[in-house]
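Subject: Structure handover and notes

Dear colleague,

I am passing on the structure we spoke about, with the sequence alongside.

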Amino acid sequence: MPALKHWLYMKEVLIVAEWTALKNIDPHCFACGQGNAHGLHMRFFSDGERVRSRLIIPGHLRGWHTLVHGGVLATILDEAMSWAAIHLTGRFILTQEMTVRFKKPVRIEEEVRVESCVAERISPRKALLKAEIRNSSGDICAESSGVFALFTAEAFTRMNLVPENMLDAMNQSMWRSA
Ligand SMILES: CCCCCCCC(=O)SCCNC(=O)CCNC(=O)[C@H](O)C(C)(C)COP(=O)(O)OP(=O)(O)OC[C@H]1O[C@@H](n2cnc3c(N)ncnc32)[C@H](O)[C@@H]1OP(=O)(O)O
């Protein structure tokens with residue numbers, strides 16, 4: 001049935017096209033910085049409701065022999081929730097607390113996918129985020145939830161964590177797609 005095949009193909013193209021690449025924020029971030037030689041080099045995409053990233057975790061981040069270290073998985077989940085919090089609420093963020101459940105071992109050098117979303121906007125200054133990591137078979141290997149503090153650009157400037165000129169540049173570009 002060529003018409004049905006064509007329709008399915010077009011649907012797939014449209015679904016893929018719905019995921020927009022997000023602009024890199026800090027080139028030296030351990031998780032997402034493309035210029036951090038020791039980092040994970042995560043790149044993020046969003047469909048407006050979720051944020052996702054695919055990556056292969058390199059061998060030097062192992063725990064037991066062929067397994068990815070749990071702290072590395074927690075970093076990936078934290079980063080995915082952070083990007084969802086930034087892009088889906090339009091705010092600067094800080095992770096306030098997070099919990100992780102490790103459900104299945106993740107192997108080094110295997111492609112994994114992480115996906116995150118805003119579960120609840122608790123208040124104007126707080127949001128609950130969720131994320132999950134799946135292996136190449138689609139099994140959920142780790143999942144997290146976390147409370148994120150949300151900051152306006154002015155409030156984040158007052159926290160004095162990032163130089164003001166860098167914050168200005170981030171504020172002008174980070175909510176646009178790549
Ligand atoms: C590059 C891509 C992004 C990567 C992101 C990675 C995510 C991370 O790893 S973030 C790093 C880990 N997280 C942290 O370091 C957070 C440390 N924790 C904190 O700073 C605080 O606990 C925080 C701000 C989260 C929550 O603070 P809270 O428990 O509400 O304490 P509280 O005492 O009420 O607030 C402290 C101050 O912050 C201010 N504040 C707190 N939350 C907010 C907010 N949402 N908006 C404005 N101001 C706020 C308060 O007004 C208060 O200011 P002041 O001392 O002048 O009165």
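Helix α2 gives the most to the shell around the ligand, contributing four residues, and please keep in mind throughout that this is a predicted model. The elements that each supply at least two residues of that shell are α2 (70-89), β4 (92-102), β7 (140-151) and α3 (153-159). The shell holds 16 residues, of which S82, T95, Q96, L150 and F151 come nearest to the ligand. Sorted by class, the residues around the ligand are eight nonpolar, three polar and five charged.

A backbone N or O atom of L150 lies 2.6 Å from a nitrogen atom of the ligand, while a polar side-chain atom of Q96 is found 3.2 Å from a ligand oxygen atom, and an N or O atom in the side chain of D78 is 3.5 Å from an oxygen atom of the ligand. As for cover, the ligand taken alone exposes 1100 Å², and the protein buries 51% of that area.

Two residues of helix α2 deserve a separate word. T89 is found in this helix, and T89 counts as buried because its relative accessible area is 16%, which is under the 20% cut-off. A polar atom of the T89 side chain lies 2.5 Å from the backbone oxygen of A85, and a polar atom of that side chain also lies 3.4 Å from the backbone nitrogen of R91. Leaving aside neighbours within four places in sequence, T89 is in contact with A84, V118, R121 and L150; L150 is also among the residues that come nearest to the ligand.

A74 has its place in helix α2 as well, and with a relative accessibility of 19% A74 is buried, since the cut-off is under 20%. When neighbours within four places in sequence are set aside, A74 is in contact with M98 and V100. From A74 to V100 there are 26 residues in sequence, yet the distance in space is 6.7 Å, C-alpha to C-alpha.

Turning to the aromatic side chains, the count comes to three aromatic pairs. F44 and W83 form a stacked pair, with 4.6 Å from centre to centre and 20° between the planes. This pair links distant parts of the chain, 39 residues apart, since F44 sits in the loop between β1 (20-21) and β2 (45-46) and W83 in helix α2. Both F44 and W83 are buried.

Finally, the protein as a whole. Its secondary structure comes to four helices and seven strands, and from the N terminus on the elements run α-β-β-β-α-β-β-β-β-α-α. Of the 178 residues in the protein, 36% are buried. Among contacts with a separation of 6 or more, 63% are between residues 24 or more positions apart. The accessible surface of the protein comes to about 10400 Å², and 53% of this surface belongs to carbon and sulfur atoms.

With best wishes

Technical notes: Residues numbered from 1 in each chain as written. Predicted model: local features only at pLDDT ≥ 70, side-chain atom pairs only at ≥ 80, totals over all residues. Heavy atoms only, no water. Near = heavy atom within 4 Å. Polar contact = N/O pair within 3.5 Å; in protein donor to acceptor, adjacent residues only side chain to side chain. Areas by Shrake-Rupley, 256 points an atom, 1.4 Å probe, with all protein chains shown as cover. Nonpolar A, V, L, I, M, F, W, Y, C, P; charged D, E, K, R; others polar. Buried < 20%, exposed > 50% of the residue type's maximum accessible area, 1.4 Å probe, protein only. Contact = heavy atoms within 4.5 Å. Phe/Tyr/Trp six-rings, centres within 6.5 Å; stacked < 30°, edge-to-face > 60°.
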